[in-house]
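Okay, thanks for coming, everyone. Let me put the model on the screen, and then we'll walk through its sheets together.

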Amino acid sequence: IYNYNIPKYHAVNLRAKEFAKAHGRRVSWAIARDVPLFHEDRNLPPEKLQAKLCRWLLQHDQKTAHITSILPLIVGLPVRLTESVDRRRGLFRNRRGIIVGWAPDPAEEIEEVDGDFVLSLMPLCVYIYFPGATWKIHEDLDVGVYPLPRSSRTWKVNLFTGIQARRTGFFLLPDF
């Protein structure tokens with residue numbers, strides 16, 4: 001038994017890579033951004049702060065306010081929501097969808113690592129198609145396509161001390 005299904009979380013990302021390979025696509029990895037809210041963390045030397053931020057990325061979304069640490073972006077990838085994002089349209093937690101695209105940040109720089117892309121900045125939004133949906137968000141989008149924006153939330157880094165961080169990312173996970 002593992003806390004927060006950590007091995008399962010890692011396996012899902014591996015399956016996403018296999019999905020991309022099987023469909024002849026490349027993975028673009030969107031990395032969540034954490035900002036320490038504790039002043040002593042903010043004043044750490046840059047290399048120590050970077051090491052701490054990297055350790056935080058190993059946390060499961062259940063611990064980080066349901067915002068995924070590392071999100072694989074692949075057109076056609078089945079995904080599910082980790083939080084309710086639009087109740088009026090029935091987009092509740094665990095609702096399944098399919099990535100149909102994303103809107104890159106204009107200042108984004110892409111780095112290629114082992115055949116995959118690592119995005120320097122998170123996309124502005126991820127476009128997700130929800131099968132069975134009858135609503136239409138915008139005239140430029142197809143029926144059932146929702147532009148999921150990046151979101152920010154505060155999460156407790158250490159439950160004992162109460163130290164917190166602010167995470168920006170997506171309420172989204174690959175669904176395998």
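Housekeeping next. This is a predicted model, so local features need pLDDT of at least 70 and side-chain atom pairs count only at pLDDT 80 or more, while totals for chains, interfaces and linings use all residues. Residues are numbered from 1 along each chain as its sequence is written, and side-chain values use heavy atoms, with hydrogens and water left out.

Back to Ser151, then. Ser151 sits in strand β10; strands here are DSSP runs of E with at least two residues, helices are runs of H or I with at least four, and both are numbered from the N terminus. What does Ser151 touch, leaving aside its neighbours within four places in sequence? Contact means heavy atoms within 4.5 Å, and the partners are Ile67, Arg167, Thr168, Gly169 and Phe171.

Now the sheet around that residue. It's an open one of 3 strands in the order β2-β11-β10, with antiparallel pairing; two strands pair if DSSP finds at least two bridges between them. At the edges we have β2 (33–36) and β10 (151–156), each pairing on one side only. Neighbouring strands are turned by 25° against each other on average, direction ignored. For angles in general, axes are lines fitted to C-alpha atoms, for helices over the stretch in contact, and values run from 0 to 180 degrees between N-to-C directions.

Strand β11 (residues 164–169) runs antiparallel to β10, and 6 bridges join the two. Look across from Ser152 and you'll find Thr168 in β11. Helix α3 (residues 46–56) packs on this sheet, where it touches β2, β10 and β11, and its direction makes about 125° with that of β2.

Okay, next sheet. This one is also open, with 5 strands in the order β9-β8-β5-β4-β12 and antiparallel pairing. Its edge strands are β9 (145–149) and β12 (172–174), each of which pairs on one side only. The twist averages 45° from one strand to the next.

Strand β8 (residues 125–129) is joined to β9 by 5 bridges, and the two run antiparallel. Val126 stands opposite Leu148 in β9, and Cys125 has Pro149 of β9 as its bridge partner. There are also 5 bridges, again antiparallel, between β8 and strand β5 (residues 96–103); there, Gly101 has Tyr127 of β8 as its bridge partner.

Is Gly97 buried or exposed? Buried, because its relative accessible area is 5%. Skipping neighbours within four places in sequence, its contacts are Leu77, Pro78, Val79, Ile128, Tyr129, Phe130 and Pro131. Gly97 and Leu172 are 75 residues apart in sequence, yet their C-alpha atoms are 9.7 Å apart in space.

Technical notes:
Buried means under 20% relative accessible area, exposed over 50%, partly exposed in between (1.4 Å probe, protein chains only).
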